[in-house]
Amino acid sequence: MISTSRTEKEDTAGKAIQSLFQESSIPVIRTEIIPDNIEKIQKALHKALSEANCIILTGGTGITHDDCTIEAVEPLFDKRLDGFGELFRMKSFAEVGTRTVLSRAVGGIIDGKAIFCIPGSKNAAELATRDIIIPEIYHILTHANR
């Protein structure tokens, strides 16, 4: 979770993701609250890349002055998964209407590992994880490692 205002106790998006992964028998290795800071996000991402093959960052994907998750992660992508962000926004439109234009959700590959940057709201995290990430993660990782 990327946040300047949330604590681990308030991280409902992270808890929702963990729950969905556990229900799908996909282990969750670690969770961490990271401040909205490009260097700190990149440092945490590099650490996570040494531990996991799928990393989900929630929060910091909007357009406020301190949202910088996309700026921290996108330059590190070996490949972008443009369809992830497009599909997420399409599905979000059904829930939030045109407010979905504020979402900069992205997905990509770094060193054969899948990275997803999604909004920090619980509903958005559930939507992305349940409807897109979990159904496609094995397929994505198979192709990313060919």
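Biologist: In what order do the four strands of the open sheet lie?

Modeller: This is a predicted model. The pairing in the sheet is mixed. The edge strands are β1 and β2 (79–80), each pairing on one side only. The order is β1-β4-β3-β2.

Biologist: In which sense do β1 and β4 pair, parallel or antiparallel?

Modeller: Five bridges link β1 and β4. L57 stands opposite C117 in β4. The sense is parallel.

Biologist: Which residue of β4 is the bridge partner of G107?

Modeller: β3 and β4 run antiparallel and are joined by five bridges. They form a hairpin with two residues between them. In the turn, D111 has a positive phi of about 50 degrees. The partner of G107 in β4 is F116.

Biologist: Which residue of β3 is the bridge partner of R80?

Modeller: β2 and β3 run antiparallel. Two bridges join them. The partner of R80 in β3 is G108.

Biologist: What angle does the direction of α4 make with that of β4?

Modeller: α4 packs on the sheet and touches β2, β3 and β4. Another helix, α1, lies across β1 and β4, running at about 150 degrees to β1. For α4 and β4, the angle is about 35 degrees.

Biologist: How many of the six residues of β4 are buried?

Modeller: β4 is mostly covered. One of its residues, I118, is in contact with residues that include I17, I56, F84, A105 and A128. The buried count for β4 is five.

Biologist: Which element gives the most residues to the largest nonpolar core?

Modeller: That core has 24 residues, and F21, I56, F84, F116, I118 and I133 have the most contacts inside it. α1 (12–23), β1 (54–58), α4 (82–96), β4 (113–118) and α5 (122–144) each supply at least two. Ten come from the top contributor, α5.

Biologist: How many residues are in the other core, which lies apart?

Modeller: Its members include A48, L49, A52 and F77. The number of residues is 18.

Biologist: On which residue is the kink in α5 centred?

Modeller: α5 has 23 residues, and a straight helix would reach 33 Å at 1.5 Å a residue. The end C-alpha atoms of α5 are only 28 Å apart. There is a kink of about 55 degrees in this helix. I137 is also buried. The kink is centred on I137.

Methods
Residues numbered from 1 in each chain as written. Predicted model: local features only at pLDDT ≥ 70, side-chain atom pairs only at ≥ 80, totals over all residues. Heavy atoms only, no water. Core = buried A, V, L, I, M, F, W, Y, C linked by side-chain atoms within 4.5 Å. Buried < 20%, exposed > 50% of the residue type's maximum accessible area, 1.4 Å probe, protein only. Contact = heavy atoms within 4.5 Å. Expected span 1.5 Å × (residues − 1). Bend = angle between axes of the 7 residues up to and from the residue. Pairing = 2+ DSSP bridges. Axes fitted to C-alpha atoms, helices over the stretch in contact; angles between N-to-C directions. Lists of a residue's contacts leave out its neighbours within four places in sequence.
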